[in-house]
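Subject: Structure handover

Hello,

I am passing a structure on to you, with notes on what was found in it. Please look at it first and then read on.

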Amino acid sequence: MTVALERPAIAAAAPSKRGRLSLSAVTPYLQSAPLALILGAFLLLPIIMIVVVSFWDYDFAAMYPDFLTTNYSDVLGSWVTWKTYLNTIKFAAIVWALTLFIGFWVAYFLAFHIRTTAMQMVLFLVCTVPFLTSNIIRMISWIPVLGRNGLINSTLVHMGLVPKPIEWLLYSEFAVVLAMVHLYTLFMVTPIFNTLMRIDRSLFEAARDAGASGWQVLWNVVIPLAKPGMAIGTIFVVTLVMADFSTVQVMSGGQSASVALMMKNQMSLLQYPAAAANAVVLLVLVLLMVAGILRIVDIRREL
Amino acid sequence: MSKAAEIDIVSVSKVYGMTTAVEAISLKIPAGTYCCLLGPSGCGKTSTLRMIAGHESISSGDVRLGNTVVTDLPPAKRGTAMMFQSYALFPHLDLIDNVAFSLKMKGVDKERRRAKALDMLKLMQMEAYATRRPAQLSGGQQQRVALARALITDPEALLLDEPLSALDPFLKIRMRAELKKLQTSLGITFVHVTHSQEEAMALADLIVVMNDGRIEQAAPPRDVFERPATAFVARFMGDHNVISGRVTGARDGMVVFDVNGGGSLAACGQGQEAGASIEIAIRTDHVRIGESPSPGLGFTGIVSNIEYRGATVKLSVAGAGIDDFTVIVDDSDFFAKPVAIGDAVPLAWDSEDAIVLGRLHS
């Protein structure tokens, strides 16, 4: 009896269910199509083109479709490339260490020493004010400060602290690192600030209740819980420094090299396939670094 | 493990800028007592607890634990341990490291502190979860871990800040029983902050009812319920009718007073000056339907609402200047002689059930 009753109901439901199924099967693809298109056209396609071109042949005037590995053997076989890569990694390491240190303490100050949310927002916006001008302008404005007759040197000479202007302030690796730290510290402050703000304040009291001193709270509670923010900031800073060419060029006065600067020079000599091979190597290196960071710190909690 | 300490609070105040959260309270909690600080939110009970714990500075007054004045000591040096409202377990550490945290801060080596933490987790029957993170636990399990973490320091007093408020009602009752059992077996002093009078009555040896930064009454649960000291206590504990009026005189060792705009009632109590205002409390379940044998111990009112509650029936009665007088009668008594809404019923109570309420001296 019940079977007989149910059967027509199923029969009636079946066609409409099938119709709904086909529509619902397409829906997710339709929904993801816009983003897939954008990423495909502006990210995937260019990368594929770079990879393809990196195997091409070239001379002083043109590129020839081919499948050669000489571009890669040139990149990896030359001592100059290795030195440039090492130099870039050195910049990345120094800038990372400095931005992490400064960024953490700025974020710490904002998160724990500023009591009102309004003041926190105001100070945070103050941090972002330099970003209202372009990278280049912020970089170039260091020149009158650091130059031979710049603010610092003239002050020091006037005070009689140094007999003649200090040469290494500008057009040196010091200047490159200084400018990069200045440019990229905020990329460290923001994610760390974000993680610090999410820490439950009662954890600090619980730690104090357990007898932790101020430094012990910092080391055992704050820093472990800030790790995801530090990892995100590290990814920002490392990828930005690894890809930087303008800061290195301007602030070192052409005396220092970076991978991106090397690629720029290759491109200006129309050696596109060589630059492409370089780009692929750099991309792999940076992706490996990011993978390493993600292995050490679980940032999924933050996303 | 059991070395309970007496907690002595001597005219302790807490002032935040212009507002006074706790106003010169004095309280003695005997060693090994389960004490509940009870009151509505903002009454200063949590501030009091945090001052005992050392997480809040004491504006004036002293706190003594055992024989030491701990007023200016940091939390870990007081011999107290605190369990936080949201448990405040460290999300980045597994249960063993959470429990062993205070030992790590003391510099106990890894082997020993992990072994001791595991023992503590065993005591709480949580050893099976030892390598999990707090986020993987239920509320009740988190509470056990928080207890283990608090108890590993061998405290003389355990301070609990609304420990049951994050649990669902069923779990609340179960964890309540566990807390009581734990306190009995450890024998240490527990100070438990709650806004639930039911919780306080179920757990406490000593209930401290607080309001507006002051202690309204500190007494065993039965005293607090049967002889509420003030109108606030009577109202907060519930199941009492509070009636206010003006004293007109005395008769047969009873105070006679007029309800504002209504009849005249009497209550047991010390003779007060005529014209003084007075408040009395009458247990809702000690009122019966019927004529009062002696004048002043009852009135006649109109039934405005009837609620059936199973074992009892709740009547709301208005009359003699009293707007809302609650009567709880046994279901068998009620259905033997039922009344309806709108009926005029005589109500009566015994002289010892009318309690004159005091006032805090300000």
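The notes below go through the two chains, the contact between them, and a few local features.

Please keep in mind throughout that this is a predicted model.

Chain A

Chain A has 13 helices and two strands. Its C-alpha atoms fill a box of roughly 110 × 70 × 35 Å along the principal axes. The radius of gyration of chain A is 27 Å, whereas a compact globule of 303 residues would have one near 19 Å. Of those 303 residues, 28% count as buried. Among contacts in chain A between residues at least 6 apart in sequence, 70% join residues at least 24 apart.

One element of chain A to look at is helix 3, which covers residues 79–113. With 35 residues at 1.5 Å a residue, helix 3 of chain A should span 51 Å, and its end C-alpha atoms are 50 Å apart, so the two values agree. Buried residues in helix 3 of chain A include Thr84(A), Tyr85(A), Thr88(A), Phe91(A), Ala92(A) and Val95(A). Further along helix 3, Thr99(A), Gly103(A), Phe104(A), Val106(A), Ala107(A) and Leu110(A) are buried too. What do the buried residues of helix 3 of chain A pack against? They pack against helix 4 (117–128), helix 8 (173–198), helix 10 (214–242) and helix 12 (259–268) of chain A.

Chain B

Chain B holds ten helices and 20 strands. Its C-alpha atoms fill a box of roughly 75 × 45 × 35 Å along the principal axes. Of the 362 residues of chain B, 43% count as buried. Among contacts in chain B between residues at least 6 apart in sequence, 64% join residues at least 24 apart.

The cores

The largest nonpolar core has 110 residues, and those that touch the most other members are Val99(B), Ala148(B), Leu158(B), Leu159(B), Val191(B) and Val208(B). Helix 5 of chain B (residues 139–151) gives the largest share of this core, six residues. Leaving aside residues up to four places away in sequence, Ala148(B) touches Val99(B), Met120(B), Leu121(B), Leu123(B), Met124(B) and Met126(B). A second, separate core has 51 residues, among them Tyr85(A), Met188(A), Ile192(A) and Phe193(A). Tyr85(A) is also one of the buried residues of helix 3 of chain A.

Strand 9 of chain B

Strand 9 of chain B runs over residues 206–211, and six of its six residues are buried, so the strand is largely enclosed by the rest of the structure. Both of its faces are covered: Leu206(B), Val208(B) and Met210(B) lie on one side, with Ile207(B), Val209(B) and Asn211(B) on the other. Val208(B) is also among the residues that touch the most other members of the largest core.

Strand 3 of chain B (residues 34–38) pairs with strand 9 in the parallel sense over four bridges, and Cys36(B) stands opposite Ile207(B). Strand 10 of chain B (residues 214–219) pairs with strand 9 in the antiparallel sense over five bridges, and here the bridge partner of Val209(B) is Gln217(B). Strands 9 and 10 of chain B form a hairpin with two residues between them, and Asp212(B) in the turn has a positive phi of about 55°.

An open sheet in chain B

Five strands of chain B form an open sheet with antiparallel pairing, in the order 15-19-16-17-18. Strand 15 (288–289) and strand 18 (322–330) are the edge strands, each pairing on one side only. Strand 17 of chain B (residues 312–319) pairs with strand 18 over seven bridges. One of the residues in that pairing is Thr312(B), whose bridge partner in strand 18 is Asp330(B).

Where the chains meet

The contact takes 15 residues from chain B and 14 residues from chain A. On the side of chain B, strand 6 (80–83) and helix 3 (101–106) each supply at least two residues. Helix 3 of chain B gives the most, with four residues. By class, this side of chain B has ten nonpolar, four polar and one charged residues.

Two loop residues

Most residues other than glycine have a negative phi. Gln125(B) has a positive phi, near 55°, and lies in the loop between helix 4 (110–123) and helix 5 of chain B. Glu162(B) has a positive phi near 40°, and is found in the loop between strand 7 (157–161) and helix 6 (169–186) of chain B.

Are these two residues buried or exposed? Gln125(B) is exposed, with 12 other C-beta atoms within 10 Å, whereas Glu162(B) counts as buried, with 20 C-beta neighbours inside 10 Å.

Regards

Definitions and conventions. Residues are numbered from 1 along each chain as its sequence is written. Chains are lettered from A and ligands numbered from 1 in the order in which they are written. This is a predicted model: local features need pLDDT of at least 70, side-chain atom pairs count only at pLDDT 80 or more; totals for chains, interfaces and linings use all residues. The expected span of a helix is 1.5 Å times one less than its number of residues. Two residues are in contact if their C-beta atoms, placed from the backbone, lie within 7 Å. A nonpolar core is a set of buried Ala, Val, Leu, Ile, Met, Phe, Trp, Tyr and Cys residues joined through C-beta atoms within 7 Å. Two strands pair if DSSP finds at least two bridges between them. Ala, Val, Leu, Ile, Met, Phe, Trp, Tyr, Cys and Pro count as nonpolar, Asp, Glu, Lys and Arg as charged, and the others, Gly among them, as polar. The radius of gyration is taken over C-alpha atoms; the globule rule is 2.2 Å times the number of residues to the power 0.38.
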